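Colleague: I am new to this model and would like a close look at one part of it. Please start with the whole chain, then zoom in.

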Amino acid sequence: MSTPIPAKSMSTAVSRVDGHLKVTGAAKYPAEFSLPNLAYAFVVTSPVSKGTITAVDSAAAEKSPGVLAVITHLNAPKLAEPPNEGIRIEEREPLADDKISYGGQYVAAVVADTSEHARHAASLLKISYAAETPALTKEDALKVSKPKEHLDEELQQKKGDVAAALARDDVVKIEQTYSTPTETHNPMECSATIAMWDAPDRLTIYDATQYVKGAQGTVAHAFGLKKENVHVVCPFVGGAFGCKGPVWPHTILAAMAAKVVERPVKVELTRQQMFSGTGHRTPTFQTIAMAAGRDGKLQAIRHHSEMLTSPVGDWVEGCGIGSTNVLYAAPAIEFDHVVHTVNVSQPSFMRAPGECPGTYAVECAMDELAYALKMDPLKLRQANNSPNHPVKGIPWSMKQLGAEKFGWSKRNPEPGSMKDRHLLVGWGVATATYPAHAGRADAHIELNAEGTALVRCAAHDLGTGQYTSLTQIAADAIGIPVEKVKMELGDSNLPFGPVAGGSQTTATAGSAIVDAAENLKKKLAELGGDASKPDSLGQALNRAGTKSIAADGKFKFKENEKMGFQSFGAQFCEVKIDPELPLVRVTRWVSVMDCGRVINLKTGRSQILGGIVMGIGMALEEKTLTIRQPACRRLEISRTIMCPCTPTSTTSRCTLSANRITRLIRWARAAWAKSESPVRRQRWRTPFITPPANAFAICRSRPTN
């Protein structure tokens, strides 16, 4: 890379270049591609969490109208097992054998001429199981391990003598355990795959993925194909939050079914199947001990994290890596991670894996330490704000925190002292952080005589605005207006692009585009042309006897061992709590982010707002529950609930009807209206109310759409 690009369209609020396509319905998502003679597969899931399939009776399903095939472990084509290229979290190939490792595991796929026929026939399939008692909690784990590393990060790290520092008499100490529940991604677009065999050794798949190049490699390996013979298409993604980064079994099943019936096959997961088929954030149990002098200077931090994984794959939520490893300085720091293998579906990447639950626990511990010290929590954080990486000791590239906009100096630290009429007012502060990831990417630019450019990279836009930000980078790097650039993403035939994860696409693909633009301008200069001057460009290309000129670029991140790259920020919020009701209102929020150059002010602001909303939702509403009692005796007030159909089931799902929800709410409101307090009755009618815990049984879950 050479000198920084002069910003013309960058750092401005350019509207989304794909916005018109999306709001008019013209943007085509993977499940919306129409292929001739398309068949449909419906996956059948296990109602037990551990056991063995003892018998399969498919006679009724096979005789059902429109059915083309019933695929089980008894007749499924055998595939190559991992390892392979791409991201595989669930390492077991689908329908590989008769073993059941978790509830919701795929045990069959029914293929028919319509989705309705496939789903009906699936209901006729009779599968018998020898159920075993599943391990569902860390106390009953099948296996306990302390892996050394995960995703190239050391999981067990230590600096200094933490035990000695915690044993000192001249320090203030706290030790608490913080837990986070299972959380489910639930993007608007359910995962889906359409598979079509163009030839015995050539396959095209339209897949809802964050990583077309990864899906290409994984599918090619599974079916013994050359990678270039697998074409993966995904021009738009309807949200993902990490669940579409790996290749999940339904993608393999789609290709398998298409091979069996010798025609294109679509597999589209239901909302219920998304809970067990595409990952989730594992629950975490984090014990944090801190010691500080009376001046607030930290002397020791110990961060012990425990989590769950599935028997079919290894997953570690790197809580300590994303928080204790980078947030606050102390002479002695240690963190470790313990993984418990249980009979649950496979955990995976979900919205800042590791950083999200890890910073929650560390920031809670800092608040408790501030209370023990009788110190302002903001001042405690400022006292331990390190200019260097707390463990590695290398300086940060930049780090600034701000709080004046919130008016923090007006805070009264005495609990219960701040009020708004009958409501208690609380102010909170937390440090935000996320690593500045980058990876590898290639890019191709073709510049035409009329001054328009086509830019290609097999990266993705998850809905965060990459089509727009990369278009802005390309426009400024080439030296042409942003409306003259067309960006192509989401196709494995394009130059290599990274997984759309870890907030790395802008830095990675953008850098490859800049390299391609510099190479393009060098070529053009040799012809005596200038991309920013249309007349000069046209004349140069005419002299060369061509209508366009093209160049390639590449980028590969090399870790800087002398400097750490991390984004930091500060979050301030105000909440108001009704002491008579379990009611919390978030009334004010200030977020200050130090994240380098913002390519698009509009989409950048939206990303920060989205992060705030995500944090509020995670803190107040999000929890995915697995209920082991007979059907529907406990309810989740959510559009989708989970309940078992048998006592041994842990992840079978059913949907609570809208009418039943309405009846429950009406009943609860009627009961609450009988309250002696007219104030209570009025508050019940407000839109932000949470009904009292004893009104009826409530289990909260993330809204599903």
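Colleague: How many helices and strands does the secondary structure of the chain come to? After that, please look closely at the loop that holds T324, between β17 and β18.

Modeller: This is a predicted model: local features need pLDDT of at least 70, side-chain atom pairs count only at pLDDT 80 or more, and totals for chains, interfaces and linings use all residues. Residues are numbered from 1 along each chain as its sequence is written, and side-chain values use heavy atoms, with hydrogens and water left out.

First, the whole chain. Its secondary structure comes to 15 helices and 28 strands (DSSP runs numbered from the N terminus: helices are H or I with at least four residues, strands E with at least two). The chain has 705 residues, and 54% of them are buried (buried is under 20% relative accessible area, exposed over 50%, partly exposed in between, with a 1.4 Å probe and protein chains only). Take the contacts with a separation of 6 or more: 79% of them join residues 24 or more positions apart (contact means heavy atoms within 4.5 Å).

Now the loop. T324 sits between β17, residues 298–309, and β18, residues 332–341. T324 counts as buried because its relative accessibility is 2%. What does T324 touch, leaving aside its neighbours within four places in sequence? Its contacts are I301, H303, I333, F335 and V362. I301 and H303 fall within the range of β17. I333 and F335 fall within that of β18.

Follow the chain past β18. S345 lies in the next loop, between β18 and α8, which spans 355–373. S345 is at 4% relative accessibility, so it too counts as buried. With neighbours within four places set aside, S345 is in contact with Y102, F275, S276, H280 and S310. V362, which T324 touches, falls within the range of α8.

D152 lies between β8 (149–150) and β9 (153–154). D152 has 73% relative accessibility and therefore counts as exposed.

Last, a residue in a strand. V586 belongs to β26, residues 583–594. V586 is partly exposed because its relative accessible area is 33%. V575 is eleven residues away along the chain, and the C-alpha atoms of V586 and V575 are separated by 4.4 Å. Neighbours within four places aside, V586 is in contact with E574, V575, I616 and L620.
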